[in-house]
Amino acid sequence: CKYGILPASYTSDAFGKIYQPMTPEDLNRTLILGAWNDPKNEKHFDLLKMEMENACLEADVDLKHTEINVGSAHAARAIRMRSRGIGERSEKRMNETPETVSGKELMAALVDVHIGRQLPPELMPFIMFISILYGLTGPVMRAWCGVPMFGGTHMSKFAAAGLFVASVMMFMANFSFAVTCAWHYRRQYDVMEALSQMVRFPGEPLINFLPPEPKPKSKKGKIAPVKAISSAIIALN
């Protein structure tokens with residue numbers, strides 16, 4: 001679907017027709033601007049999970065039974081944490097090989113870290129600013145030519161104001177869509193780059209898989225465990 005993402009539970013095998021009623025909330029979260037720009041929303045989690053499950057089905061492979069040594073128990077623990085339970089191995093296997101994760105856990109962690117990265121918050125104000133400048137192009141050029149910016153009659157002012165609003169809204173919608181798509185493709189590139197780093201020396205820094213460090217309430221409230229493993233490396237063996 002070009003303009004949205006639908007979970008498999010909403011579509012049938014015959015021509016992709018929707019057979020389950022959709023609420024306005026369901027529709028909003030499946031739109032690109034909702035699902036892609038806020039992927040860490042708990043209500044969107046099944047979309048990220050479904051994309052990976054569909055990828056496994058299309059490739060005709062179940063990565064849950066593929067075990068990968070990531071170099072250390074610290075790295076394996078961080079990957080299991082970011083996989084959010086997807087592809088989790090049995091507790092017995094985790095105790096026997098603490099430095100090993102399943103292939104599905106690794107892919108789920110990569111999806112959570114990179115595909116789950118939100119659009120930078122400063123981009124939307126920038127898009128709005130550029131859109132307003134675009135809408136002002138017509139009135140400014142009219143003033144440059146020596147005629148009233150928004151016309152001389154009430155009807156011309158009404159038409160000019162409508163054209164300004166429409167120009168801003170249309171430009172903002174198209175620019176937002178283009179930036180969202182570009183950001184999504186950038187996230188996909190980062191996933192492939194991280195996977196590539198894991199199979200090459202020295203590997204992918206483990207700190208990239210750690211959650212953001214919480215802000216300490218005081219100067220003494222530093223998080224020592226994060227610093228202790230920040231220099232660790234994820235390397236696939």
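Which residues have the most contacts inside the largest nonpolar core? The close-ups below start there.

This is a predicted model, in which local features need pLDDT of at least 70 and side-chain atom pairs count only at pLDDT 80 or more, while totals for chains, interfaces and linings use all residues. Residues are numbered from 1 along each chain as its sequence is written, and side-chain values use heavy atoms, without hydrogens and water.

**View 1. The largest nonpolar core has 19 residues.** Val70, Ile79, Val101, Leu106, Leu110 and Phe209 have the most contacts inside it. A nonpolar core is a set of buried Ala, Val, Leu, Ile, Met, Phe, Trp, Tyr and Cys residues joined through side-chain atoms within 4.5 Å. Buried means under 20% relative accessible area (1.4 Å probe, protein chains only). Two or more residues each come from α4 (73–83), α6 (103–115) and α9. Helix α6 gives the most, six residues. Helices are DSSP runs of H or I, at least four residues; strands are runs of E, at least two; both are numbered from the N terminus.

**View 2. Another core, of six residues, lies apart from the largest one.** Ile127, Val168, Val179 and Trp183 are among its members.

**View 3. Helix α7 covers residues 123–135.** Its buried residues are Ile127, Ser131 and Gly135. They fall within an arc of 70° seen down the axis of α7, so they line one face of the helix. The arc is taken from the directions from the helix axis to the C-beta atoms. These residues pack against α8 (137–144) and α9 (154–198).

**View 4. Serine 102 lies in strand β2 (residues 100–102).** Serine 102 is buried, at 0% relative accessible area. Leaving aside neighbours within four places in sequence, serine 102 is in contact (heavy atoms within 4.5 Å) with Leu63, Lys64, Thr66, Glu67, Gly87 and Arg89.

Terms used
The expected span of a helix is 1.5 Å times one less than its number of residues. Buried means under 20% relative accessible area, exposed over 50%, partly exposed in between (1.4 Å probe, protein chains only).
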